Amino acid sequence: MLKSKSRDLPDCLCSNPPIIIRPSAPTPNHSLYLSNLDDQKFLRFSIKYFYLFRKSVSFDALKLSLSRVLVDYYPLAGRLRASDEDQGKLHVDCNAEGALFVEAFMPITADELLESSNMPNKSWRKLLFKVEAQSLLDVPPLIVQVTSLRCGGMAVCTAINHCICDGLGTSQFLNAWAHLTTSPNGDLPILPFHSRNILKPRNPPQVKFSHSGYTKTNSSSSSSSQVDLVKLLQSQTLVATCFTFTSSHLLHLKKQCVVKCTTFEALASHTWRSWVRSLDLSPALNVKLLFSVNVRKKLSPEIPQGYYGNGFVLGCVESTVEELLETGLCNGVKLVQQEKARLDDGQVRSMIDLLEDKTVKTDLSASLVISQWSKLGLEELDFGGGKALQMGPLTSDIYCLFLPVVGDSDAARVMVSVPEGVVEKFEFYMKEYIWDKEGNGHVHNGYHLLNKMVLSE
């Protein structure tokens, strides 16, 4: 099978050096506690978002509104610090040092960028300024690059530290920035809630449940008989794949599940099974599916509205390869449903307490991780020139993303990188239920592999 390669982007032209945008008014100067959900090693990176707009907005207007919104979201203008006393636990020094802002121009049109935007390649990193730093602590929590395009469009890319915001929190912040761009004198529709104390661990910690999504750094369970699948995948050439499921395809997929289920439950089960099937794993291997679950309303009391920190946990289901593949799509759906129902206040509090043990880490050894970016409002961003033509991650990885489809809230895109040698099988299995729907072994025109790109460092 021939691999199609997305076009490499031309170089960005930056007439001005990066600048620091500070809050436009005085802000509280203090240390912001980060919860154990914020401070996981698994989240110590910046999430890189890509937005493409048909019409551009002036750099000055965006800088002005950014300085205004940083008054409300002042921790994003601070800097991460590590405690010398508490095993390196992170907190935010709210010192108003500011966010990094870059103005750029790229000689390409919005339509040309849109053509390959479903699957960005390595050259797309030009759309976001990279800070050369020794550690994450030396990188501003918020970096923005606005790139104007030929014929009037613009790309907005942001790097937002995951220890400070989760996906829902990022959506809240970005939409607040956009709101102040279009309504400079307006009030924010949702005021940010900063304190993370509601998620503090109990003293002493009370780990009352088992949490299979975690393991200890030197756990004996990581025996030689258990394959470290993630390391194996990362040692190979990865091909990024992206699939679009229309609303009719998702409805058909849900009907195959027999039991009543959500779109996420059906698509998660289908993607997990397709991924496992394509990798030709040992039938006895124990594999896991880790997926993000918003717990804001699962706690008692509920997390207040406006909370933009990490208010999610990773649900975990597991199965042997043999059982997962022989029992069908419905069994995977039931596993996901049971895990979602299990994650109540007691389970989440127990998980928070477990993370007091700094030898505990997320178990990625034989896991597919799914993060849902759809249904978070990320695609609603509008700086005044209309909503985005496209939004998604700036890069692809072995972690799977469920992404929104601009203009169709009932559709979804699935993006994940797999080894080059299994792309054909993965594509086949991901399309299998659509083949069943259309008959005669033909793939419906509305369901397609959008693009495949070999990732090389």
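Helices (H or I, at least four residues) and strands (E, at least two) are DSSP runs, numbered from the N terminus. The model shown in these views is predicted: local features need pLDDT of at least 70, side-chain atom pairs count only at pLDDT 80 or more, and totals for chains, interfaces and linings use all residues. Residues are numbered from 1 along each chain as its sequence is written, and side-chain values use heavy atoms, leaving out hydrogens and water.

**View 1. Lys89 sits in the loop that links β4 (79–82) and β5 (90–94).** Its relative accessibility is 7%, so Lys89 counts as buried (under 20% relative accessible area, with exposed over 50% and partly exposed in between; 1.4 Å probe, protein chains only).

**View 2. The side chain of Lys89 meets Leu34 and Asn36.** Follow the Lys89 side chain to the backbone oxygen of Leu34, at 2.9 Å. A polar contact at 3.3 Å joins the side chains of Lys89 and Asn36 (a pair of N or O atoms within 3.5 Å; within protein, one must be able to donate a hydrogen and the other to accept it, and residues adjacent in sequence count only if both atoms are side-chain atoms). Beyond four places in sequence, the residues in contact with Lys89 (heavy atoms within 4.5 Å) include Tyr33, Asp39, Arg44 and Arg81.

**View 3. Helix α5 spans residues 247–255.** Look here for four buried residues: His249, Leu250, His252 and Leu253. They cover an arc of only 160° around the axis, which puts them on the same side of α5; the arc is that of the directions from the helix axis to the C-beta atoms.
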